[in-house]
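Here is my notebook for a structure I am meeting for the first time. Come along as I look things up, one entry at a time.

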Amino acid sequence: MELNFKRLRKYRANNALIDIFCDVVLNPKDFVQPVFIIEGSGLKQEIPNFPDVYRYSIDEAIKFMSNCASFGIKMFALFPVLDESLKNDMGSEALNSNGLMYRAIKEIKNALPDLILMADVALDPYTSHGHDGVLQENGYLDNDRTIAILAKYSVLLAEAGADCVSPSDMMDGRIAYINTALEEHGHVNTLVAAYSTKFNSSLYGPFRNAVKSNQSGYLDKSSYQINPGNLFEAELELFEDVQEAADILIVKPASIYLDIIVKASEYKVPVFAYHVSGEYSMLKLAAKEGIVSSYDAILKETMTAIKRAGAKCIITYAALDIAKLLNK
Ligand code: PBG
């Protein structure tokens, strides 16, 4: 008898074989847990449209992060949530050296010195209009004035103890500018994680509820975030950030931008994918509605796909969920 096909089902004949031939294995250290920080103590606040994600006062954040660490998570992305009274059109509270972010970093590092802290660098939590920088009179976001502020902010974050600064603003030239400022101040070991390809997505809603940057409805950031249809522009952004010596390239969102993760991986600079608030919330809601087989299954499948595309680490609100699942 002549066999003219290959029996690929051999790889799937039983669970042990399925396991042996599995390419992509998830590990808790692959996941970065975002944490929203608020002023006060003993606080854990719910967020609209953001299931099971909370804003924490610094003391509660430390408890939450310590719990995450017990399941093998090593890295955290910190975002401040400011009282509206501290916001203005310049976002000037960002440079108040006694501000919430700096105190949070110091206190967390003091309590949990082994955890790696990635501090978000953008002005949207600080501006009254919710944009990522300062606006010109005509409403257009001013690139060069913004990057000068972001560079100062980065240095202060590094001084407070941040291991990594991650500009999420999408201004041009900010990676070079921030790198130069960090060098000038002797912060030679501070990692710079560039949100190189951040798309103008409809998936950021729950995050904007978390930091309250969307007071006037869904913000139009189309003059600085990449048009979802543009691959050439994404490639130019990646190229530029590699030239400007970014240490990490971030692709955001993640699960519907797997092609971009594949492209980013070609640069041999570690790629992180940001599984954003809307992507996360959709999984939670789909599981609740019985649309997917289970939350755990869709979560594992999604994370596996993102890692398979080439992401070294995944920033996700489900980091603790998946770490718990992997510890089972
Ligand atoms: C802006 C910023 C955004 C997110 C993090 N930082 C998006 C935006 O408001 O445009 C979104 C993250 C998420 O949705 O989880 N600096």
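Before I place anything in a helix or strand, I note that helices (H or I, at least four residues) and strands (E, at least two) are DSSP runs, numbered from the N terminus. I also keep in mind that this is a predicted model.

I looked up Lys212 and found it in the loop between α6 (205-211) and α7 (231-243). Lys212 is not a glycine, yet its phi is positive, at about 55 degrees. I wrote this down because most residues other than glycine have a negative phi.

Asp52 went on my list too, with a positive phi near 65 degrees in a residue other than glycine. I found Asp52 in the loop between β2 and β3 (54-57).

Next I asked myself: is the peptide bond from Lys252 to Pro253 cis or trans? The bond turns out to be cis, with omega near -10 degrees. For comparison, most peptide bonds are trans. Pro253 belongs to the loop between β8 (248-252) and α8 (258-265).

**Entry: the ligand**

I then turned to the ligand, and found that it sits in the largest cavity. Which residues come nearest to the ligand? Of the 16 residues around it, they are Arg208, Lys221, Gln225, Ser277 and Tyr317. I sorted the shell around the ligand by kind and got seven nonpolar, three polar and six charged residues.

I also checked some distances to polar side-chain atoms. Asp124 has such an atom 2.9 Å from a nitrogen atom of the ligand. For Asp132, a polar side-chain atom is 2.8 Å from a nitrogen atom of the ligand. How much of the ligand does the protein bury? Taken alone, the ligand exposes 400 Å², and the protein buries 100% of that.

**Entry: Lys44**

I found Lys44 in strand β2 (residues 44-46). Leaving out residues up to four places away in sequence, Lys44 touches Tyr54, Arg55 and Tyr56. I also compared Lys44 with Lys324, which is 280 residues apart from it along the chain. The C-alpha atoms of Lys44 and Lys324 are separated by 21 Å.

**Entry: Asn143**

My last stop was Asn143, which lies in helix α4 (residues 143-160). Its side chain makes a polar contact with the side chain of Asp144, at 2.9 Å. Which residues does Asn143 touch, not counting those up to four places away in sequence? I noted Met171 and Asp172.

Terms used:
Residues are numbered from 1 along each chain as its sequence is written. This is a predicted model: local features need pLDDT of at least 70, side-chain atom pairs count only at pLDDT 80 or more; totals for chains, interfaces and linings use all residues. Side-chain values use heavy atoms; hydrogens and water are left out. A residue is near a molecule or strand if one of its heavy atoms lies within 4 Å of it. A polar contact is a pair of N or O atoms within 3.5 Å; within protein, one must be able to donate a hydrogen and the other to accept it, and residues adjacent in sequence count only if both atoms are side-chain atoms. Accessible areas come from the Shrake-Rupley method with a 1.4 Å probe; for residues, only the protein chains shown count as cover. On a 1 Å grid over the protein atoms alone, a cavity is a set of points where a 1.4 Å probe fits but cannot get out, and a pocket is an open set with protein on both sides within 12 Å along at least five of seven lines; lining residues have an atom within 4 Å of a point. A molecule sits in a cavity or pocket if more than half of its atoms lie within 2 Å of its grid points. Ala, Val, Leu, Ile, Met, Phe, Trp, Tyr, Cys and Pro count as nonpolar, Asp, Glu, Lys and Arg as charged, and the others, Gly among them, as polar. Contact means heavy atoms within 4.5 Å.
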